[in-house]
Amino acid sequence: MIHQLRIYEIFEHNKAAFHERFRDHALRIMRRHGFEFVALWEAKSPQRTEFVYVLAWPDEAVNVAAWTAFMADDEWKEIKRTTAARHSDLVGGIADRVLRTAGYGPPALRAIA
C-alpha cells in the first residue's frame, strides 16, 4: 500500500466555494473512481491557506489509473468549468507526493501503511 499527500493552495476570498465544490462534488466523483480518503485538513499560515488530504492506494498503478479516470470524467470537467466561470480559480498551486512507509514508526501509522 502507498499513500498520497495532496496540498492545494486555496484563496480566502473564495474558500467557501472551494470547500463546497470539494465536499459536494469532488469527493463523490473521486470515490466513484476508487479514491480512498484517509483524512482531510485545512492549514493556515500567515502567507497562505491550504487544503490538505491523504489518500490510500493499493499501488501506484491504481493511483495513476484513478487520477486519469477522474480528470477525464465529464461530470467533473463540467463542474470545474461552471465553478471557474462563477468564482474564478479556486486552487492555486498543488503539491503532490506519493508516500511509502519507512518500515518503522508508531503502531497506528504502521496499521494504515
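I take helices (H or I, at least four residues) and strands (E, at least two) as DSSP runs, numbered from the N terminus. The model I consulted is predicted: local features need pLDDT of at least 70, side-chain atom pairs count only at pLDDT 80 or more, and totals for chains, interfaces and linings use all residues. Residues are numbered from 1 along each chain as its sequence is written, and side-chain values use heavy atoms, with hydrogens and water left out.

**Entry 1: strand β1**

I began with H3, which lies in strand β1. I applied these limits for burial: buried is under 20% relative accessible area, exposed is over 50%, and partly exposed is in between (1.4 Å probe, protein chains only). H3 is buried, because its relative accessible area is 10%. I then looked up E36, which stands 33 residues from H3 in sequence; the two are 9.6 Å apart in space, C-alpha to C-alpha.

Next I examined the pairing of β1, counting two strands as paired if DSSP finds at least two bridges between them. Strand β1 (residues 2–10) pairs with strand β3 (residues 49–57) in the antiparallel sense, over 9 bridges. With β4, strand β1 also pairs in the antiparallel sense, here over 7 bridges. Which residues stand across from R6? In β3 it is Y53 that lies opposite R6, and in β4 the bridge partner of R6 is D96.

**Entry 2: helix α1**

I count heavy atoms within 4.5 Å as a contact. Just after α1, I found G34 with a positive phi of about 95°.

**Entry 3: α2 against α3**

I fitted axes as lines to C-alpha atoms, for helices over the stretch in contact, with angles from 0 to 180 degrees between N-to-C directions. Helices α2 and α3 pack at an angle of about 55°, and their axes are 5 Å apart. That angle makes α2 oblique to α3. The contact is made by F70, M71 and A72 of α2 and by D74, W76, K77 and K80 of α3. For the angle classes, I used under 35 degrees as roughly parallel, over 145 as roughly antiparallel, 65 to 115 as roughly perpendicular and the rest as oblique.

**Entry 4: T83 and S88**

T83 is in helix α3 and counts as buried at 15% relative accessibility. Leaving aside neighbours within four places in sequence, I found T83 in contact with R21, S88 and L90.

S88 belongs to the loop between α3 (74–87) and β4 (91–99). Most residues other than glycine have a negative phi. S88 is not a glycine, yet I recorded a positive phi of about 70° for it. S88 counts as partly exposed, at 45% relative accessibility.

**Entry 5: K44**

Not counting residues up to four places away in sequence, K44 touches E12 and T49. I also looked up F11, 33 residues from K44 along the chain; their C-alpha atoms are separated by 11 Å.
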